[in-house]
Every structure is written in structure tokens, then in C-alpha cells.
Amino acid sequence: MLIQNWMTRNPATVTPETSMLKASKLMKERHIRRLPVVNEHGQLVGIVSDRDLKEASPSKATSLDMHEMYYLLSELKVKDVMTRNPITVREDDLIDLAALLMEEKKVGGFPVLDAEGRLTGVITGSDVFKCLTRFTGARMGGLLLAFERPDQPGELRPILDMLYEHGASIISVLTTHETVNGLRRLYIRVRPMKPESERHLVNELTEAARLVFWRNAPE
């Protein structure tokens, strides 16, 4: 799950001298919420978000007329509102790191740099969500099984054996890091099964493997 496999490559950029008006227009045209800011050598020097532009724009209650507002926005530069020395990640970092930083810093994305420090992309919350849905197999539907198992080695094997015996085809396996009373949550998604086979599987897992709940994906 390297960032380079999920990031947006060759992102739109602006320079410190780009006007706020042009930066705002570019964000609307590209349907994006942030722009890396690069200097004349292509080096990353900052980042500007749609929030930065909105906070720097005149209030709707301003006494300025439309022409004066457009003039003001065309005179204000990205360098006046951008965040300098932004937090960055490397393209060979794990996407987990990007998700953690987004949560801790309460931001929606970061510029991505290569090993030489050159800007190669942008990773956003949308990219993280895309990665999550791919790894959970949510788009494939099927049957989601949730278990509580002791936090010790070998607890997965009996469940996998039962799934194999019932001809279940696994899509994904996920587990929580935290434990409650020495138990961890385990989530296994399997491909759709015939109703009768599914009932037998669920009944056996409920009795023998601490099956907490199961859900079929909506059709």
C-alpha cells in the first residue's frame, strides 16, 4: 500500500506570484481543493487550499462593488495566503502514514515528493477512501462476517478451515489493532453464496467461532 500506487500524479500547480483569482478558477475547473505552490525551479515552497482563498476573500457584506472585488482578488497573490513549508510525504511511504497524518493534522491532503525531494503527486482523503474500499472488497459485495477472537497466535486457522470446508471464497481479511477483554475483532468478506450454503456456514461459525454478526451486501 505505497502512496505512489494511490496518489494523483502530475498535479496542477501554481507559483507564489499566481493571483488568487487564477488559483480559485483553477481549483473550480479541476474540481480540487488544494494546489501545491512551486518556485521557478519547480521546487515545492508551499500549498494553498480553497479554505485559504475563501478566508482571504472579501466578505459578502463588503461595501466593495464587483469590479473592485475582482481587482482586489487579481492583485492578491498566492504567496500572501499559502502555507509555507507544508507537511509532505514521500511516494514510497505507506498510505497508512498519510491517513494518520490527515487525522492528526486535520487536513485533507499532502504533496508527495520523490527520493530527491521533487514534487510527483498529491495524496488526498479521497485516495485513502479508494484504497480502503479496494482492500475491503466493498464493491464486490458478498457476505461480511465479523468475529471476536482471542489475541493470540493460531486463532485464524480454524475459521479459514471452516470457510474452506463450506466452499467459501475469501475476498478480504481485516482485523482491529485494539483489544477489548483480550479479544480482537476480525472481519472476513467472502463471495456471494447460495442461500442454503450460507445458512449452514453462518450456523456453524456462530456456534464454533464467536461470530458476532454477518451482513450481506445490498443488491
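The entries below go through a sheet, a helix, some ring pairs, a second sheet and one serine.

**Entry 1: before starting**

I reminded myself that this is a predicted model.

**Entry 2: a sheet with antiparallel pairing**

I began with an open sheet of 4 strands. I read off its order as E9-E10-E8-E11, and the pairing is antiparallel. Which strands stand at the edges? I found E9 (170–175) and E11 there, each with a single partner strand, so one side of each has no neighbour in the sheet. From one strand to the next, I noted an average twist of 15 degrees.

Then I went through the sheet pair by pair. I kept one general idea in mind: strands of a sheet pair through backbone hydrogen bonds, either parallel or antiparallel.

- E9 and E10 are antiparallel and share 5 bridges. As a landmark I picked Thr175, which stands opposite Leu186 in E10.
- E10 (residues 183–190) and E8 pair over 8 bridges, again in the antiparallel sense. Here I found Pro150 opposite Leu183 in E10.
- E8 and E11 run antiparallel, joined by 5 bridges. My landmark was Phe147, which stands opposite Leu211 in E11.

**Entry 3: helix H7**

Next I checked the length of H7, which covers residues 195–208. At 1.5 Å a residue, its 14 residues should span 20 Å, and the end C-alpha atoms are 20 Å apart, so the two agree.

Which residues of H7 are buried? I listed Glu198, Leu201, Val202 and Leu205. Looking down the axis of H7, I saw that its buried residues fall within an arc of 95 degrees, so they line one face of the helix. On the face turned away from the buried side of H7, I found the exposed residues Arg199, Glu207 and Ala208.

What do the buried residues of H7 pack against? I wrote down strand E8 (143–150), helix H6 (157–165) and strand E11 (211–216). That brought me back to the sheet of Entry 2, where E8 and E11 are paired. One more detail: just after H7, Arg210 takes a positive phi of about 55 degrees.

**Entry 4: aromatic pairs**

How many aromatic pairs does the structure hold? I got 2. I kept in mind that a pair of aromatic rings is described by the distance of the centres and the angle of the planes.

One of them is Trp6 with Phe135, a tilted pair with 6.2 Å from centre to centre and 50 degrees between the planes. Trp6 sits in the segment before strand E1 (8–9) and Phe135 in helix H5 (residues 125–136), so this pair ties together parts that are 129 residues apart in sequence. I looked up how covered the two residues are. Trp6 has a relative accessible area of 15% and is buried, because the cut-off for buried is under 20%. Phe135, at 41%, counts as partly exposed.

Tyr187 and Phe213 make another pair. Their ring centres are 6.5 Å apart and their planes stand at 55 degrees, so this pair is tilted. Tyr187 lies in E10 and Phe213 in E11, so the pair ties together parts that are 26 residues apart in sequence. I noted relative accessibility too: Tyr187 is at 24% and counts as partly exposed, and Phe213 is at 25% and counts as partly exposed.

**Entry 5: a sheet with mixed pairing**

I then looked at another open sheet. Its 4 strands come in the order E1-E7-E6-E5, with mixed pairing.

E1 and E7 (residues 119–124) run antiparallel and are joined by 2 bridges. My landmark here was Arg9, which stands opposite Gly121 in E7. How does H5 lie relative to these strands? I found H5 across E1 and E7, running at about 70 degrees to E7.

**Entry 6: one serine**

Last, I picked Ser49 and looked up its place, which is in strand E3 (residues 44–49). Is Ser49 buried or exposed? With a relative accessible area of 17%, Ser49 is buried. Leaving aside neighbours within four places in sequence, I found Ser49 in contact with Met27, Arg33 and Arg34.

Notes: Residues are numbered from 1 along each chain as its sequence is written. This is a predicted model: local features need pLDDT of at least 70, side-chain atom pairs count only at pLDDT 80 or more; totals for chains, interfaces and linings use all residues. Side-chain values use heavy atoms; hydrogens and water are left out. The expected span of a helix is 1.5 Å times one less than its number of residues. Buried means under 20% relative accessible area, exposed over 50%, partly exposed in between (1.4 Å probe, protein chains only). The arc is that of the directions from the helix axis to the C-beta atoms. Contact means heavy atoms within 4.5 Å. Two strands pair if DSSP finds at least two bridges between them. Axes are lines fitted to C-alpha atoms, for helices over the stretch in contact, and angles run from 0 to 180 degrees between N-to-C directions. Rings of Phe, Tyr and Trp (its six-membered ring) pair if their centres lie within 6.5 Å; planes under 30 degrees apart count as stacked, over 60 as edge-to-face and the rest as tilted.
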